[in-house]
Amino acid sequence: VFLNPFGFLFPLACPICGNILKRRETKVCVSCRSELSRARVTEPVCGRCGKPLERLEIEYCYDCEKKRHQKSDSLCQGTALWVYNSIMKKAMALFKYEGCYENASFFADEFTRFRMAKVQSWDPDCLIPVPLHRHRRWFRGYNQAQVLAEEIGKRLRLPVETDILYRRRDTDPQKKLDDKARRRNMSSAFYVRESSENKLFGKRVVLIDDIYTTGSTLEACASELKKAGVSQVYFACLCIGRDY
């Protein structure tokens, strides 16, 4: 049983629903623990992005089937822990917009419990969080991807590079745009600091973000990293959509 000595003044809240935990609930409330189990991504999944697939005989999701034949594709492979359903939408909103950055510790515990072997199989040199524009970071107070990357990095004993990849434009929220608009929105949105190029040459990196939708943001980041000399770019996210 987890005991919180300051529970009377600062009661612990569930990182998924935001409700106050009962005395014998540990880290997450009982109902949300079962929801997390149901939301967890399991096989079959897309061989490129890790998105859940409907049928075993399909190797790639619809989007990745198109992308894998494009020379411009800069991402090798990715993984995600949960399906981005209504439960996880609320959890990610708490994490990103409600100041609940401390929830990253729980998310990192769950991610490494179920996805550590996958990330280690890529043999990465470092983790790089998807950057926020300085205006948005100032308003929000933190970059949720960076907080998450730092927590995962501790558990996987991997360095987290936060001064390499930057966002030059404060882009529109991706959730409001269709696929083509998302790609346009991300065009030239990121850059790699010139002094970091020698540091990156030949490295294998994992991009960290909270949610994967179409992958436009991650692809834009990966493209800039590849231009700077990175040999292989992977990605890891907490949530991802379905292919059906």
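**Cores, rings and charges in a predicted model**

The charged end of R40 sits over the ring of F114, 4.0 Å from its centre, where a charge is taken to sit over a ring if NZ of Lys or CZ of Arg is within 6 Å of the ring centre and within 35 degrees of the ring normal. This is a predicted model, in which local features need pLDDT of at least 70 and side-chain atom pairs count only at pLDDT 80 or more, while totals for chains, interfaces and linings use all residues. Residues are numbered from 1 along each chain as its sequence is written, and side-chain values use heavy atoms, with hydrogens and water left out.

The interior comes next. In soluble globular proteins, nonpolar side chains tend to be buried together. The largest nonpolar core here has 37 residues, and those with the most contacts inside it are I16, W82, M88 and F107; such a core is a set of buried Ala, Val, Leu, Ile, Met, Phe, Trp, Tyr and Cys residues joined through side-chain atoms within 4.5 Å, with buried meaning under 20% relative accessible area, exposed over 50%, and partly exposed in between (1.4 Å probe, protein chains only). Among the elements that give two or more residues to this core are α1 (30-39), β1 (77-83), α3 (86-97) and α4 (104-121), helices (H or I, at least four residues) and strands (E, at least two) being DSSP runs numbered from the N terminus. Helix α4 gives the most to this core, with six residues. Leaving aside neighbours within four places in sequence, M88 is in contact (heavy atoms within 4.5 Å) with I16, L36, A39, W82, V83 and C239. Apart from this core lies another, of 33 residues, which includes L53, I164, L207 and F235.

Side chains of opposite charge can pair when their charged atoms come close. The structure holds 15 salt bridges, each a side-chain nitrogen of Lys or Arg within 4 Å of a carboxyl oxygen of Asp or Glu. In one of them the side chains of E35 and R38 meet at 3.2 Å, N to O; being three residues apart in helix α1, they are separated by about one helical turn. K51 forms a salt bridge with D63, the closest N and O atoms being 3.8 Å apart, and because K51 lies in the loop between α1 and α2 (62-67) and D63 in helix α2, the pair ties together parts that are 12 residues apart in sequence. K51 counts as buried at 5% relative accessibility, and D63 likewise counts as buried at 17%.
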